[in-house]
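The following note sets out a colleague's reading of one model, point by point. Please keep the sequence and the structure in view while reading.

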Amino acid sequence: MNGIEKITARLDEETQAEIDRLLQEARAQAAQIMARYQNQADAERAALAAKNEKAAAEREERLVSVAHMESRKVILAAKQEMVSRAFD
């Protein structure tokens with residue numbers, strides 16, 4: 001190998017080393033970004049699940065309340081019917 005070939009070979013090695021270092025840094029940054037957004041997505045998923053559970057519980061309470069009110073209305077209607085029959 002003559003002088004120029006040695007210089008170009010060394011430059012190629014340095015360039016490849018720099019490329020490898022940059023790729024490693026980029027992969028590390030990508031992994032950090034991915035982890036951060038994954039954590040954010042997990043937190044949002046948990047928050048939405050909690051919100052949905054609360055909403056479902058509230059809806060269930062309302063439905064139970066409506067069912068109780070409807071049953072009281074049916075009982076009242078039956079009592080009114082019995083009172084009406086008693087007067088007849």
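This is a predicted model: local features need pLDDT of at least 70, side-chain atom pairs count only at pLDDT 80 or more; totals for chains, interfaces and linings use all residues.

**Notes on the model**

1. Lys-73 and Glu-70 are both located in helix H1, where 3 residues, about one turn of the helix, separate them. Their side chains meet in a salt bridge, with an N to O distance of 3.3 Å. The term salt bridge denotes a side-chain nitrogen of Lys or Arg within 4 Å of a carboxyl oxygen of Asp or Glu. Lys-73 is partly exposed at a relative accessible area of 48%, and Glu-70 is also partly exposed, at 39%. For these classes, buried means under 20% relative accessible area, exposed means over 50%, and partly exposed lies in between, with a 1.4 Å probe and protein chains only.

2. Residues are numbered from 1 along each chain as its sequence is written, and side-chain values use heavy atoms, with hydrogens and water left out.

3. The protein chain has 1 helix and 0 strands. Its radius of gyration is 37 Å, well over the 12 Å that the globule rule gives for 88 residues, so the chain is more spread out than a compact globule. That radius is taken over C-alpha atoms, and the rule is 2.2 Å times the number of residues to the power 0.38. Helices (H or I, at least four residues) and strands (E, at least two) are DSSP runs, numbered from the N terminus.

4. The C-alpha trace of the protein chain spans about 125 × 15 × 10 Å along its principal axes. Two residue pairs illustrate distances within the chain. Thr-8 and Val-74 are 66 residues apart along the chain, and 95 Å separates their C-alpha atoms. Asn-2 and Gln-38 are 36 residues apart in sequence, with a C-alpha to C-alpha distance of 53 Å.

5. What share of the 88 residues counts as buried? The value is 0%. The accessible surface of the protein chain is about 8,200 Å², and carbon and sulfur atoms account for 60% of it. Such areas come from the Shrake-Rupley method with a 1.4 Å probe; for residues, only the protein chains shown count as cover.

6. The chain carries 14 positive and 16 negative charges, whose mean positions are 9 Å apart. Lys and Arg count as positive and Asp and Glu as negative, whereas His and the chain ends are not counted. The place of a charge is taken as NZ of Lys, CZ of Arg, CG of Asp or CD of Glu.

7. Side chains of opposite charge can pair when their charged atoms come close. A search of the whole structure finds 5 salt bridges. One of them joins Glu-25 and Arg-21 at 2.3 Å, N to O. These two residues are 4 residues apart in helix H1, about one helical turn. Glu-25 is partly exposed at 37% relative accessibility, as is Arg-21 at 35%. Salt bridges also link Glu-18, Arg-21 and Glu-25 in a network.

8. Glu-81 and Arg-85 form a salt bridge through their side chains, at 3.1 Å from N to O. They too are separated by about one helical turn, being 4 residues apart in helix H1.

9. Asn-2 lies in the segment before helix H1 (3-87) and is partly exposed, with a relative accessible area of 43%. The side chain of Asn-2 reaches the backbone nitrogen of Glu-5 at 3.0 Å. Thr-8 is placed in helix H1, and its side chain reaches the backbone oxygen of Glu-5 at 3.0 Å. Thr-8 is partly exposed, at 39%.

Methods. A polar contact is a pair of N or O atoms within 3.5 Å; within protein, one must be able to donate a hydrogen and the other to accept it, and residues adjacent in sequence count only if both atoms are side-chain atoms.
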